[in-house]
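Welcome! Take a moment with the sequence and the model, then read on.

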Amino acid sequence: MNPAATPEASVSRRLADFVHGVSCASLPAPVVDRAKTRILDCIATAIAARALPVPSVALRSIAGGSGPCTLIGQSATAGAADAAFVNATLVNGCSQDDFLEKSHPGALTVPGALAIGEIHGRTGAEVIAAVVAGYDVIGRVYLGGPEMLPRFRASGVAGSVGAAATAGKLLGLDVDALVHALGCGAMFSCGFGQGFLSGTMDVKLNVGMSSR
């Protein structure tokens, strides 16, 4: 029996075993089609948000950096982490992106998938599998602790772990390395819910930081 499936296995190892086993070929056709529309939807909502304040702040904050990754709707390029950060604020900018278990999974997984896929020359099938894995992990982590709301943002907590799952999958990490990646995602989770009560825009920067 796979150790990841035993009752003694940690939560992170069970999730890592799941992420490692996902492939585009193993996914039902409707799931693959839905993933494609989610990716296209993210790009569309990002283009629509190009002139909004939060993405503009995010773009200014990475000024001076360099890298090969596309910034959606921009002529400039950036490193993978910076591209994930900016593109996530773009995807979430209009608040028209998708929603799952109190999180914005597209903004949390697709920007990192596109950046890492671009650097490492991953196939479309590999990107789809990584995005699906990230979506699934985001949902599972939130359902494991829904009491995080309203003190903490689900996008900032579950989203960071899901972003790590997506990135780790595309980087080709083995199960042990994925365990560590998910642990780092949990350690770097962030975001209080106070911004919603105060009416500030930092909640959208939180989505960017989680994707980063």
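## Helix α5

At 1.5 Å a residue, the 16 residues of α5 should span 22 Å, and the 22 Å between its end C-alpha atoms agrees with that. The expected span of a helix is 1.5 Å times one less than its number of residues. Helices (DSSP runs of H or I, at least four residues) and strands (runs of E, at least two) are numbered from the N terminus. This is a predicted model, in which local features need pLDDT of at least 70, side-chain atom pairs count only at pLDDT 80 or more, and totals for chains, interfaces and linings use all residues. Residues are numbered from 1 along each chain as its sequence is written, and side-chain values use heavy atoms, with hydrogens and water left out.

Because 12 of its 16 residues are buried, α5 is largely enclosed by the rest of the structure. Here buried means under 20% relative accessible area, exposed means over 50%, and partly exposed lies in between (1.4 Å probe, protein chains only). Among the buried residues of α5 are Pro105, Leu108, Val110 and Ile116. Their cover includes α2, β1, α4, α6 (124–143), α7 (154–170) and α10. Just after α5 comes Gly121, with a positive phi of about 65 degrees.

## Helix α4

Now for the partner helix. α4 has 14 residues and reaches 19 Å from its first C-alpha to its last, close to the 20 Å expected at 1.5 Å a residue. It is mostly covered, with 12 of its 14 residues buried; these include Phe85, Val86, Leu90 and Gly93. The elements covering them include α2 (29–48), α3 (53–61), β1 (69–70), β2 (77–78), α5 and α10 (202–211). After α4 comes Ser95, whose phi is positive, near 60 degrees.

## Where the two helices meet

How do α4 and α5 pack, and at what angle? Helix α4 (residues 80–93) and helix α5 (residues 105–120) pack at about 145 degrees, with their axes 8 Å apart. The axes are lines fitted to C-alpha atoms, for helices over the stretch in contact, and angles run from 0 to 180 degrees between N-to-C directions. From α4, residues including Ala84, Ala88 and Val91 take part in the meeting, and from α5, residues including Ala107, Pro111 and Ala115. Contact means heavy atoms within 4.5 Å. By class, this contact has 9 nonpolar, 4 polar and no charged residues. Ala, Val, Leu, Ile, Met, Phe, Trp, Tyr, Cys and Pro count as nonpolar, Asp, Glu, Lys and Arg as charged, and the others, Gly among them, as polar.

## Two residues up close

Asn92 is found in helix α4 and counts as buried, at 2% relative accessibility. Leaving out residues up to four places away in sequence, Asn92 touches Asp97, His104, Ala107, Lys204 and Val207.

Ile119 lies in helix α5 and is partly exposed, with a relative accessible area of 41%. The C-alpha atoms of Ile119 and Gly79 are 9.0 Å apart, although 40 residues separate them along the chain.

## The cysteines

How many disulfides does a search of the whole structure find? The search finds 0 disulfides, a disulfide being a pair of cysteine sulfur atoms within 2.5 Å. For Cys24, the nearest cysteine sulfur is that of Cys42, 17 Å away. For Cys69, the nearest cysteine sulfur is again that of Cys42, 16 Å away. Cys69 is buried, with a relative accessible area of 0%.
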